[in-house]
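Here are my notes after a look through this one, jotted down point by point. Have the structure open while you read.

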Amino acid sequence: MCLFASLLLHKQYKGFEDAKAVIESLKNKGVSATKVVVELAHINAGVLLHPSFVTVDDIKEVKAPLAVLGAEFDHLSPPALVKQFEEVLATKPEFDGFVKIFPGVAHGWTVRVQS
């Protein structure tokens, strides 16, 4: 299935349109789009999917439950880095941290249509 047909079938564009106002508001408050979940994880909880441009220091600042879902084949957030995130989260007994590296998938796996 081509990407265009997939977008029409699954109507992701609606979610994108809905999210634009939220992202714009966050940008106006100085929050970087690439680190929104990490920056806001202190609110309730967060989930990072193939966490590009997130550093170990970013994870050290998290103060609420966080799940990190990585890809086996990811040059932007390789499994070795994701494992470091897991090590940092394990030092925070005051909340739950969850890390999983999904085998056989590459960066972007969460936004691609699986057939």
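This is a predicted model: local features need pLDDT of at least 70, side-chain atom pairs count only at pLDDT 80 or more; totals for chains, interfaces and linings use all residues.

1. By the rule used here, the count comes to three salt bridges. Another one links the side chains of Asp57 and Lys60, at 3.7 Å from N to O. These two sit three residues apart in helix α4, so about one helical turn separates them. Asp57 counts as exposed at 51% relative accessibility, just past the 50% cut-off, while Lys60 is partly exposed at 45%.

2. Then there is Lys83 with Glu86, whose closest N and O atoms are 3.5 Å apart. Here again the spacing is three residues, this time in helix α5, so the pair is about one helical turn apart. Lys83 is partly exposed at 43% relative accessibility, and Glu86 is partly exposed at 30%.

3. Now the sheet. Strand β2 (residues 66–73) has six of its eight residues buried, so the rest of the structure largely encloses it. On one side, β2 pairs with strand β1 (residues 46–49) in the parallel sense over four bridges, and Leu49 stands opposite Leu69. β2 also pairs with strand β3 (residues 97–106), again parallel, over seven bridges; Val68 has Val99 as its bridge partner there.

4. Next, the largest nonpolar core, which has 14 residues; Leu48, Ile59, Leu66, Val68, Phe85 and Leu89 touch the most other members. Two or more residues come from each of α4 (56–60), β2 and α5, with α5 giving the largest share, five residues.

5. Last, have a look at Asp74, in the loop between β2 and α5. Is Asp74 buried or exposed? At 6% relative accessibility, it counts as buried. What does its side chain meet there? Its side chain makes a 2.8 Å polar contact with that of His107, and one of its polar side-chain atoms lies 2.9 Å from the backbone nitrogen of Leu76. Not counting residues up to four places away in sequence, Asp74 touches His50, Pro79 and His107.

How values were computed: Residues are numbered from 1 along each chain as its sequence is written. Side-chain values use heavy atoms; hydrogens and water are left out. Buried means under 20% relative accessible area, exposed over 50%, partly exposed in between (1.4 Å probe, protein chains only). Two strands pair if DSSP finds at least two bridges between them. A nonpolar core is a set of buried Ala, Val, Leu, Ile, Met, Phe, Trp, Tyr and Cys residues joined through side-chain atoms within 4.5 Å. A polar contact is a pair of N or O atoms within 3.5 Å; within protein, one must be able to donate a hydrogen and the other to accept it, and residues adjacent in sequence count only if both atoms are side-chain atoms. Contact means heavy atoms within 4.5 Å. A salt bridge is a side-chain nitrogen of Lys or Arg within 4 Å of a carboxyl oxygen of Asp or Glu.
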